[in-house]
Amino acid sequence: MRKNLSILTLLLCATACIYPYTPELDEAPEGVLAVDANISIGDVSTVRLSSLRSIWPSEQSFYPDFHDAAVWVEDETGVSYPGTQTPQYFGYYDIFLPGIALFTIPTENAPADRRYRLCIQALGEQYVSDWTDIAAPPVIREIGFSADEERVSVNVSVDAGAEATGYFLLSFDETWEFHADYTPSYIVSVIPGTDHVSIVEDSPDYSKYWCWNSSDNHQLFPVDYTAMSDSGITSWPIFRFSRKDNRNHKRYCVNIKARTLSKETYRFLKNLENNTTGGDNLFTPTPGEIAGNLRCESDPERTVLGYVLFSRTTSKRAWLDSRYLRISRPHTLLYPTEEHFLEYYNNGYLPLEELVPELREEGKGPYGWGPRYCYDCTAAGGTQEKPDFWDDAE
C-alpha cells in the first residue's frame with residue numbers, strides 16, 4: 001500500500017509543473033512587414049516582401065497591397081539601385097501573388113568598396129536596414145563528384161580568402177541536358193467520317209527528344225568552419241541526387257556560389273534554419289527572438305521582421321557527363337483497346353511501342369500509349385533553347 005501511495009505522490013508532483021498555455025490569438029501582430037532580402041553586390045539582388053496574417057479568418061484579416069511598394073539599394077555616396085517587382089511563374093502563367101511582392105535589383109555593377117543599405121516603402125511606412133560593409137568573397141578551389149550505388153554526391157572545397165571570418169554561405173543552381181523516354185514513330189490520324197484511328201509506322205521523330213532543364217531551389221547553406229580549419233573547407237558535401245535521375249542522361253552542370261558571412265549573420269541564418277527545419281528542443285529560439293537588421297524609420301515603435309543579407313558572391317561551375325548513369329525504367333505505358341484509341345489521341349497520348357502478338361495480354365490493345373511528357377521533353381519541364389554558357393565537350 002505504501003509503495004502505491006509513493007508512486008501516486010511522484011505522479012502528482014510530475015504533473016504539478018505542467019500548466020496549460022492558451023495563446024492570446026486576438027493580439028496577433030497582423031500586418032507586420034516580413035522581409036527576406038539577399039543583396040549581392042556584383043550580381044542581381046532579390047527582395048521578398050510579405051506580412052504576418054492570422055491563421056484564424058476574421059473581418060480584420062487581409063492581404064496587404066504591395067502594388068505601390070518600392071524597394072531600392074542605396075550606397076553611402078547617395079547612388080540608388082531601384083528594384084523592379086517581378087511576377088512568379090506557375091505553369092504557363094506569370095502571376096502576382098496576393099500578399100507577396102518579389103523584387104529584383106540590378107546591383108551587378110555596384111562598386112564593392114562602399115557601404116550599402118536596403119530601403120523599402122510599403123504599407124504606408126518607410127523601412128531601412130543598417131549600413132553594411134561588403135566583405136570580400138571566399139575562393140572556390142574545387143568542385144568534385146563521387147557516387148555510391150544509389151546517389152551522386154557533389155562536394156566543394158573553399159578557401160577563406162583575404163577576409164576570413166570563420167563563416168561561409170553556400171548555394172547552388174543546376175542545369176542539365178536530358179531526353180524524353182520515348183521517340184514517337186507512328187503517324188496517327190482519324191479516318192474521315194468515322195471515329196476510327198489509323199496508326200501507320202514511320203521514322204522516329206527526335207525533334208522533341210533532347211532538352212535542357214534547370215533548377216535553383218534557393219536553399220542556403222551556412223557553414224561554420226572555425227572548428228575545422230583556419231583556411232576554409234575541403235570536400236564539403238553540399239548535396240546529392242539519384243543516379244537514376246535524368247540529370248545523368250548526358251551532360252550536367254552545377255554552379256556553386258560562396259559568400260563570406262559575419263558571425264552575426266551566420267547566427268541569424270542558423271537560428272532561422274533551426275526554426276524552419278525541425279528545431280524542436282527547449283533551446284531553439286522562437287522566431288520573435290531572432291533579431292534582424294531592419295527598422296521602421298517612419299515609426300520607430302513599429303515591428304518589422306526579417307534580415308538583409310549583404311555580400312559579394314564568387315561562383316564556379318563544374319561539369320559531369322553520364323558516367324554515373326544507372327538506366328531506369330521509362331514511364332509505364334497504357335494499352336487501350338481499339339475503341340478507346342480516339343479518346344487517348346484527343347487527350348494528347350500517342351502510341352509509342354507495339355507489342356508482338358505473343359506478348360499481348362487479354363483485354364489490352366497492341367500499342368503502348370503514353371502522355372505528352374513521355375515523348376516531348378518540353379512537356380517534361382525542359383526547354384530546347386541552349387543556355388549561353390553551355391559546354392558540349394564530353
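First, the ground rules. The model is predicted, so local features need pLDDT of at least 70, side-chain atom pairs count only at pLDDT 80 or more, and totals for chains, interfaces and linings use all residues. Residues are numbered from 1 along each chain as its sequence is written, and side-chain values use heavy atoms, with hydrogens and water left out.

Now the overview. The chain has 4 helices and 24 strands. Those are DSSP runs, numbered from the N terminus: helices are H or I with at least four residues, strands are E with at least two. There are 394 residues in the chain, and 38% of them are buried. Buried means under 20% relative accessible area, exposed means over 50%, and partly exposed lies in between, with a 1.4 Å probe and protein chains only. Now contacts, meaning heavy atoms within 4.5 Å. Take those in the chain with a separation of 6 or more: 70% come from residues 24 or more positions apart.

On to the aromatic rings. How many aromatic pairs does the structure hold? It holds 20. Rings of Phe, Tyr and Trp, the last by its six-membered ring, pair if their centres lie within 6.5 Å. Planes under 30 degrees apart count as stacked, over 60 as edge-to-face, and the rest as tilted. Look at Phe-268 and Tyr-307. Their ring centres are 4.3 Å apart and their planes are at 25 degrees, so this pair is stacked. The pair links distant parts of the chain, 39 residues apart. Phe-268 is in helix H2, residues 263-276, and Tyr-307 is in strand E21, residues 304-312.

Phe-145, Phe-172, Phe-221, Phe-239, Phe-241 and Tyr-252 form one aromatic cluster.

Next, charges over rings. The test is NZ of Lys or CZ of Arg within 6 Å of the ring centre and within 35 degrees of the ring normal. Arg-247 lies over the face of Trp-176, at 4.2 Å from the ring centre. Lys-250 has its charged end over the ring of Trp-210, 5.0 Å from the centre.

Now the cysteines. A disulfide is a pair of cysteine sulfur atoms within 2.5 Å. Searching the whole structure turns up 1 disulfide. Which cysteines does it join? Cys-211 and Cys-377, with 2.0 Å from S to S. Their link is right-handed, with 60 degrees about the S-S bond. The pair connects distant parts of the chain, 166 residues apart. Cys-211 sits in strand E16, residues 210-215, while Cys-377 sits in the segment after helix H4, 372-375. Both Cys-211 and Cys-377 are buried. Two further cysteines: Cys-119 counts as buried at 2% relative accessibility, and Cys-374 counts as buried at 0%.

Let's turn to strands. Strands of a sheet pair through backbone hydrogen bonds, either parallel or antiparallel. Here, two strands pair if DSSP finds at least two bridges between them. Ile-143 stands opposite Val-156 in E12.

Elsewhere, look at strand E8, residues 101-106. E8 runs antiparallel to E2, joined by 6 bridges. Thr-46 stands opposite Thr-104 in E8. E8 also runs antiparallel to strand E5, residues 84-86, joined by 3 bridges. Thr-86 faces Leu-102 in E8.

Stay with strand E2, because Ser-50 lies there and counts as buried at 12% relative accessibility. Leaving out residues up to four places away in sequence, Ser-50 touches Val-32, Leu-33, Ala-34, Phe-66, Gly-99 and Ile-100.

Last stop: Asp-68. Where is Asp-68 found? In the loop between strand E2, 44-51, and strand E3, 70-75. Asp-68 counts as exposed, at 71% relative accessibility. Asp-68 and Leu-123 are 55 residues apart in sequence, and 8.6 Å apart in space, C-alpha to C-alpha.
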